[in-house]
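I opened this one with my notebook at hand, hoping to look at a helix and then at some ring contacts. Here is the structure I was working from.

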Amino acid sequence: MKTAKLVIGVVSMVLFVIIAMQSCAAGISNSLEGSGEVSGTAGLLLGICMLIAGIVGTATRKGKRGGAFTAGGFYLAGGILGFANAGSYSDLYIWSVISVVFGLFFIIGTVISGKKNEQ
């Protein structure tokens with residue numbers, strides 16, 4: 001479980017760069033079109049949530065439950081934010097699904113490993 005949390009954290013930090021670049025391009029496109037969408041900004045916020053969650057998840061992978069639940073919360077919050085504001089930036093749906101899956105992995109994995117440790 002510790003190795004998986006480390007890998008997901010590192011992948012999240014790398015994905016931040018990709019999501020941020022795409023979100024900047026989507027934001028410029030939204031601005032030039034005058035569409036009034038905020039999908040570029042939502043993508044950037046999703047990327048920031050994934051970066052924070054990746055750092056927290058990597059730093060607290062050997063610790064207790066608090067760090068994993070915090071990372072999972074950031075992943076889920078970013079995913080919900082992305083789903084709510086995707087608009088014409090359709091890649092944001094993909095990044096949101098990945099973020100929600102990572103969040104559920106952190107939360108469910110921590111609950112399951114906590115129950116195994118209690119027994």
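I began with helix H2 (residues 39–59), which has 21 residues and reaches 30 Å from its first C-alpha to its last, close to the 30 Å expected at 1.5 Å a residue. I kept in mind that this is a predicted model.

Next I asked which residues of H2 are buried. The list came back as Ser-39, Gly-40, Ala-42, Gly-43, Leu-46, Gly-47, Cys-49, Met-50, Ala-53, Gly-54, Gly-57 and Thr-58.

Then I turned to the rings. How many aromatic pairs does a search of the whole structure find? It finds four.

I looked up Phe-83 and Tyr-93: their ring centres are 6.3 Å apart and their planes stand at 40°, so I noted the pair as tilted. This pair links distant parts of the chain, with Phe-83 in helix H3 (residues 65–84) and Tyr-93 in helix H4 (residues 91–118), 10 residues apart. I checked accessibility too: Phe-83 is partly exposed at 36% relative accessibility, and Tyr-93 is partly exposed at 38%.

My next entry is Phe-105 with Phe-106, an edge-to-face pair at 6.3 Å centre to centre and 85° between the planes. Are these two residues buried or exposed? Phe-105 is partly exposed, with a relative accessible area of 29%, whereas Phe-106 is buried at 0%.

How values were computed. Residues are numbered from 1 along each chain as its sequence is written. This is a predicted model: local features need pLDDT of at least 70, side-chain atom pairs count only at pLDDT 80 or more; totals for chains, interfaces and linings use all residues. Side-chain values use heavy atoms; hydrogens and water are left out. Rings of Phe, Tyr and Trp (its six-membered ring) pair if their centres lie within 6.5 Å; planes under 30 degrees apart count as stacked, over 60 as edge-to-face and the rest as tilted. Helices (H or I, at least four residues) and strands (E, at least two) are DSSP runs, numbered from the N terminus. Buried means under 20% relative accessible area, exposed over 50%, partly exposed in between (1.4 Å probe, protein chains only). The expected span of a helix is 1.5 Å times one less than its number of residues.
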